[in-house]
Amino acid sequence: MRGLKYQMKSVLRDKFCLMTFLLPILVAAALNFMGSMDMSSLGELHFCVLENDLSLQTVTWLERYGPVTAYATQDEWTAAVNEPSTNVIGVRADGDSLKTAVAGDELEIFQQAAATLLSLYEQRKTAEQAEVIIRERPDILENLQGIFIPAVLIIAMFMGCTFNTMNIISEKEDGVAFVNEVLPMTPSQYILQKMAVGFLFGSLSSVVTACLCFQLSWQNFGMMLALIVLSSFVAALIGLFIGKFSEGLMIGVVYIKIVMLLFLAVPILCSLTGVHGLPAVICGMVPSQPAFEGIMALSAGNMAVAVKDIAILALHSIAWAVLYVLISTRRKNSITKVYRKESENP
């Protein structure tokens, strides 16, 4: 218990660890907030004209495509067109036609709209006779949330990896790791002490993130909790591996970035490409892949796939735990033998 209290105190003192646990929750809250915002106005066309330059009929025609702002002077009109933070299209009368002006820093879609506006104006009478069908605009953000939300959950689940890695590396640099090597502590006790905090905080961060992102039934929440617990357990174990084999802080940070990139890239690529067969089995060797697939399956109501992914994560947990115990036992036995030889032959 003293070891766990020490780990808890180190978490509360380390702002980086607190940030890693809270970041997924903040991102999940931001995704929910953005999903409730109407961003359709960002794609609207905006026009600026000079007062008494265009006829009322022309201004009314422009308002069919977007808001029209009238300016009293040429300088104000030019400043509105050249404003870097906007995509305003300047419109002036040119005899019986129109001419447009853009600053050149607008998005390509607005530059194309400015180029085709003259043709639309010349063919406006013919266009009025055409049948117009207004279709519902797809919500791009909603489609992307299907990938964003599982990715955020994956980050939350594997945050325990970061904490455990940094904790072990800091103990190496302070010399505490050498004391731990010779303490009368079994590998299982060491694993419990070192990964408990990372596992608990990673699980808690993931549960809060899941509650913000999903509205699940009790049955689905139980399966989601199983995915979170198993994924957080595997992540905490991997953090122990990285900490054990990292020789310094910078090397540990590089390893963490590589692992996190692998955890995110593999499931996202598998989801986008829809791999099957042997490539899917190989990708399943990365622990984040069954976790990501299970979250996607739960959100789609596919219980069979979610149960399969929970079983795969359980196998990952057993395999990583056994491997770490074997490596730790072998290393501790070798270090103990060295100390005994040195004590017998001073």
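**Close-up views of a predicted model**

**View 1. The E3–E4 hairpin.** Strand E3 (residues 89–94) is paired with E4 in the antiparallel sense, over five bridges. The coordinates shown here and in the other views belong to a predicted model. Two residues separate E3 and E4 in this hairpin, and Gly 95 in the turn has a positive phi of about 70°.

View 2. Four strands in the order E2-E1-E3-E4 make up an open sheet with mixed pairing. The edges are formed by strand E2 (68–71) and strand E4 (97–101); each has a single partner strand, so one side of each is left without a neighbour in the sheet. On average, neighbouring strands of this sheet are turned by 35° against each other, direction ignored. E1 and E3 run parallel and are joined by two bridges. Phe 47 has Ile 89 in E3 as its bridge partner.

**View 3. Helices across the sheet.** Helix H3 (residues 56–63) lies across E1, E2, E3 and E4, and its direction is at about 140° to E2. Helix H4 (residues 74–82) likewise lies across E1, E2, E3 and E4, running at about 165° to E1.

**View 4. Arg 92 and the ring of Trp 77.** The charged end of Arg 92 sits over the ring of Trp 77, at 5.6 Å from the ring centre.

View 5. A pair of aromatic rings is described by the distance of the centres and the angle of the planes. The count of aromatic pairs comes to four. One of them is formed by Trp 61 and Tyr 65, which are edge-to-face, with 5.2 Å centre to centre and 65° between the planes. Trp 61 is buried because its relative accessible area is 6%, under the cut-off of 20%. Tyr 65, with a relative accessible area of 33%, is partly exposed. Phe 199 and Phe 233 form an edge-to-face pair, with 6.2 Å centre to centre and 90° between the planes. Phe 199 lies in helix H10 (residues 187–213) and Phe 233 in helix H11 (residues 218–245), so this pair ties together parts that are 34 residues apart in sequence. Phe 233 is partly exposed, its relative accessible area being 25%. Phe 241, Phe 245 and Trp 320 form one aromatic cluster.

**View 6. Confidence along the chain.** The average pLDDT of the chain is 76, and 73% of the residues score at least 70. Among the elements of the chain, strand E1 (residues 47–50) has the highest mean pLDDT, 90, whereas helix H9 (residues 176–182) has the lowest, 52. Where pLDDT is low, the predicted coordinates should not be read in detail.

Conventions
Residues numbered from 1 in each chain as written. Predicted model: local features only at pLDDT ≥ 70, side-chain atom pairs only at ≥ 80, totals over all residues. Heavy atoms only, no water. Phe/Tyr/Trp six-rings, centres within 6.5 Å; stacked < 30°, edge-to-face > 60°. Buried < 20%, exposed > 50% of the residue type's maximum accessible area, 1.4 Å probe, protein only. Lys NZ or Arg CZ within 6 Å of the ring centre and 35° of its normal. pLDDT = per-residue confidence, 0-100. Pairing = 2+ DSSP bridges. Axes fitted to C-alpha atoms, helices over the stretch in contact; angles between N-to-C directions. Contact = heavy atoms within 4.5 Å.
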